[in-house]
Amino acid sequence: MDDAIYNKLKKIVGPEWVSNDPAILVSYSRDVGTLSTLRRPRTPDYVVIPSSVAEVQETVILAREFKIPIYVATTGVNTRSWHIPRRGGILIDMSKRMKKIIEIDEENFRAVVEPGVTFAMLNSELQKRGLYVPVPGAPSTVSVVSNIICHGIDNRGDNKVGWNYRQILGYEIVMADGNIYRIGTWSNEFDTENSYWPHGPGPSAQYMSRPFGIMGVVTKGSVKCWPLGTEFRTVISYFNDIDNVCKALEEIAKREIGHGLLFYAGHKYSSYACDAGFSQYRVNRFSPEFMLAASTCGTKRRVEYEEKIMREIARRNGGRFISERFPPWRIFDDTQIASTANMCSWGAIKYWGWRKPAIGAHVMCTMETMPEVYKIFAKTILEDEWAGNPNNYPRAEFSLGAIAHPAEGAHICRLEITSEGHTQDPVILQNIARLDAKLKENLRAHGFYSSYQGAQPLTMNPSLVEVAFSFRKEVDPDDIFSPATLFPASLPNWGYATT
Amino acid sequence: MSQDYIWPVTRYSLEDYYEEVWTHCVKCKYCQHVYLPDTVDHRFHYQCPSGEVFKFEAYYASGRNELIRALLEGEVKWSDRVRHIIYTCTICGACEAWCMFSGRGYPLKAIEKLREYAVEVGQGPLPAHKKFAESVQVNHNPYGEPHQNRFAWLPSGFAPRDVSLIESGVVYFVGCTTSYRRMEIAQATVKVLEHLEIPFTVMDGEEWCCGSPLFRTGQVKGGVETLAHNIEVLRKMKAKKLIVSCAGCYKTFREAPRYGLKLPLEVIHVTQLLAPLIKELAGKGKIKLKRPIEKSTYHDPCHLRLFRMFEPPREILRAIGIDLAEMPRNRLNSFCCGYGGGVRAEFKDYALQVASMRLEEAKSTGANVIASICPFCKHNFLETAGVLGLNMKTYDVMELLAKALGL
Ligand code: SF4
Ligand code: SF4
């Protein structure tokens with residue numbers, strides 16, 4: 001159907017690269033966030049696939065002229081539904097025609113990429129030069145630029161390279177008023193060599209995204225690259241109780257070794273191994289409940305040293321090494337877990353379990369209090385009249401799970417606790433919503449808080465958020481980039497992270 | 001109850017796939033890329049031909065999945081665009097190879113089922129596909145060629161034998177494309193088999209189209225009819241082993257049980273039969289092999305990729321001394337030639353565009369020969385190289401082997 005906006009978009013990107021056909025639009029209507037929360041799919045009114053900054057700029061100016069919402073999508077998983085339209089509008093798909101690796105600056109350890117460049121693409125080229133960019137808890141199908149902006153799933157590159165937002169050296173952004181805004185590497189055209197501070201001038205780039213709205217479309221990003229080790233090693237050990245696995249994790253973290261370090265509980269690992277609920281149930285029943293994965297990379301000497309220490313600590317705390325003796329467990333070497341080595345999910349193939357998230361929370365707690373948080377979670381589920389009765393969930397809908405990542409010099413830990421279940425059964429859904437609220441209440445009663453996004457409380461300074469907000473108001477008075485709250489209050493906060 | 005969540009490939013209704021889309025398709029986009037750690041060149045990281053050409057999400061498996069949902073829910077009505085999305089999939093199956101590990105879905109089977117559904121509700125197939133279905137009915141091949149010419153390529157002096165007299169019971173199923181379009185492959189195959197004194201026979205006038213073009217375009221009823229005829233004839237012949245030259249025939253025969261047809265014999269590609277033999281005979285000095293060309297790259301046909309059939313053709317190429325330069329996307333990561341799924345018949349420019357993408361990759365290896373073991377792939381590459389004026393020769397592995405044997 002032709003209309004004024006459609007015709008103008010055709011002129012901007014060319015008729016081939018714009019569509020308002022429902023058959024095209026539906027493919028942008030859902031992501032894993034809509035899937036896990038059963039929100040109804042929602043489509044944009046138009047999709048455009050630009051090939052240049054100028055086309056993005058013109059599209060944004062057009063949206064502003066007509067005061068219609070604009071959404072930005074790249075590739076890979078979108079777990080938070082940020083690009084799922086709240087009420088129609090234009091969706092800009094940045095992943096298809098803006099996918100150039102503009103520069104790999106080996107000397108200065110940085111790469112400049114367009115938003116369509118995925119981690120797999122960039123790492124394939126960097127590896128040839130002995131470099132890599134860490135993949136923050138996501139499959140390598142995701143866009144480097146948008147993943148870093150959105151803080152990935154666990155908010156960190158890895159243990160050694162630090163938080164995700166530190167991996168960016170500069171953005172080029174088309175703001176809602178159509179102006180181009182450059183920060184970090186490109187902020188000072190007379191001093192590009194030295195502008196490696198990514199957070200200015202102006203409001204920091206890390207406040208450019210998230211649920212309270214975006215400020216513009218990133219058209220280029222400059223990212224940090226790290227030297228690639230010659231050796232990789234992942235040590236996987238298994239534990240039967242939460243106290244011991246937490247102690248082992250804490251000790252390793254406090255020795256400051258390992259690139260990737262986490263423990264998985266319950267379905268968080270069994271779901272990677274099983275294709276179906278009942279087989280997962282079996283794996284859960286007959287397997288140790290907790291799995292500690294510690295991985296490292298570097299020179300041969302360093303890796304051997306770190307591996308030795310990791311093994312010692314795991315063993316001392318009651319960890320068992322099943323994987324070497326029991327080959328099926330090697331399956332995890334192909335998953336996210338092994339990928340906690342700094343190459344992170346580059347090597348991950350089975351990224352998703354067959355189940356989808358249900359009750360969950362992200363808790364930032366001290367390393368010592370991890371077991372307490374997990375026990376509150378377990379108690380919430382197991383003592384519940386409905387969820388505590390296995391007959392109500394014969395397919396083990398509520399298997400417990402957790403992932404813990406130490407952070408900030410191992411003072412604190414980000415603990416993600418989730419149960420998983422089938423998302424289409426209305427009885428289960430009702431109970432998930434009820435238990436989700438109950439979990440948060442129980443956590444609060446013990447002084448813990450579930451944050452919507454893991455590292456947010458740490459990395460977000462309230463006064464800077466204020467600055468970002470007022471800046472956004474200035475450049476986007478009509479709110480074209482954030483037309484409504486994404487998660488209406490009536491829906492539970494699923495507490496799940498983004499990629 | 002728990003059985004609900006096993007997802008065997010035998011569950012086979014569009015509603016099943018609908019549920020799968022709702023609960024499994026996490027939009028992880030594994031279906032768009034090669035196996036991630038195998039990304040060796042950023043230019044060749046993608047694997048879905050239709051998505052790469054038409055670019056909107058709708059043209060990838062994840063989008064087609066969503067189309068199934070929207071069609072069944074009535075959110076989207078049938079239109080030319082819907083048919084375009086459905087029929088531009090080359091049925092290459094790259095998506096499914098990776099989705100099985102990720103969302104644990106079966107997007108290839110879902111799209112095949114969607115085509116079947118389109119035919120059921122009178123919205124498919126497309127005109128060119130209808131035409132070849134009519135031709136299969138009349139001529140037993142999709143090309144409108146007279147059936148009596150099917151074996152016109154046979155070297156003089158060759159007469160089909162009685163398979164029951166052949167101990168190994170080998171029957172060579174030539175296939176329509178090899179018989180009518182790429183006869184040189186059939187001739188090379190027969191010459192090699194004869195030269196190596198491998199007793200075999202052909203089905204002669206009883207060989208009909210295997211049904212692949214019909215199955216791939218959703219015309220399952222016609223597909224089952226012609227496939228059932230072939231299987232019945234083979235059963236009567238008491239054949240024990242079927243050798244094929246074509247990846248499409250291979251997939252179709254191997255998948256016969258999915259359509260309720262019992263397969264009374266083993267189906268293999270001719271290179272699977274020959275690879276061990278060539279190595280053995282050459283090792284014992286019983287055959288002399290002369291390298292026919294210096295260097296070649298090898299293209300894995302999609303329908304063989306589905307069955308993880310990668311090594312025999314490579315073994316033959318190596319045995320005859322060819323320097324094999326692998327493309328960045330090989331084996332499971334291979335990229336489609338663009339011919340399949342009824343695409344070439346209806347969208348020729350698009351088919352040639354996909355082939356040109358693959359040829360660009362072939363060129364990046366430094367070879368100027370691309371070898372394969374499927375007449376469709378060869379045909380599409382040949383024509384594309386001709387249209388673009390590329391210095392890229394295309395051979396079937398059997399042709400190279402025949403040359404190496406001096407035939
Ligand atoms: S790989 Fe499977 S689950 Fe993932 S987006 Fe593709 S079709 Fe969906
Ligand atoms: S079968 Fe091939 S063309 Fe079709 S959706 Fe899958 S990858 Fe794309």
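The exercises below, each with a worked solution, concern backbone geometry and a ligand shell in a predicted model.

**Exercise 1.** Find where in chain B P125(B) lies, and state what kind of peptide bond joins G124(B) to P125(B).

*Solution.* Begin with the position: P125(B) sits in the loop that runs between helix 6 (107-120) and helix 7 (127-139) of chain B. Next, look at the bond from G124(B) to P125(B), whose omega is near 0 degrees, so that this peptide bond is cis. As background, most peptide bonds are trans.

**Exercise 2.** Decide whether E256(A) and H140(B), each with a positive phi, are buried or exposed.

*Solution.* Start with E256(A), a residue other than glycine with a phi of about 55 degrees, which belongs to the loop between helix 7 (242-254) and strand 15 (260-266) of chain A. Because its relative accessibility is 54% and exposed means over 50%, E256(A) counts as exposed. Since buried means under 20%, the relative accessible area of 14% makes H140(B) buried. In general, most residues other than glycine have a negative phi.

**Exercise 3.** Describe the shell around ligand 2 by its helices and its residue classes.

*Solution.* First, list some members: the residues around ligand 2 include C48(B), R64(B), C89(B), C92(B) and C95(B). Then assign the helices, noting that helix 2 (49-54), helix 3 (61-73) and helix 5 (94-99) of chain B each contribute at least two residues to this shell. Finally, sort by class, which gives eight nonpolar, three polar and one charged residues.

Methods: Residues are numbered from 1 along each chain as its sequence is written. Chains are lettered from A and ligands numbered from 1 in the order in which they are written. This is a predicted model: local features need pLDDT of at least 70, side-chain atom pairs count only at pLDDT 80 or more; totals for chains, interfaces and linings use all residues. Side-chain values use heavy atoms; hydrogens and water are left out. Helices (H or I, at least four residues) and strands (E, at least two) are DSSP runs, numbered from the N terminus. Buried means under 20% relative accessible area, exposed over 50%, partly exposed in between (1.4 Å probe, protein chains only). A residue is near a molecule or strand if one of its heavy atoms lies within 4 Å of it. Ala, Val, Leu, Ile, Met, Phe, Trp, Tyr, Cys and Pro count as nonpolar, Asp, Glu, Lys and Arg as charged, and the others, Gly among them, as polar.
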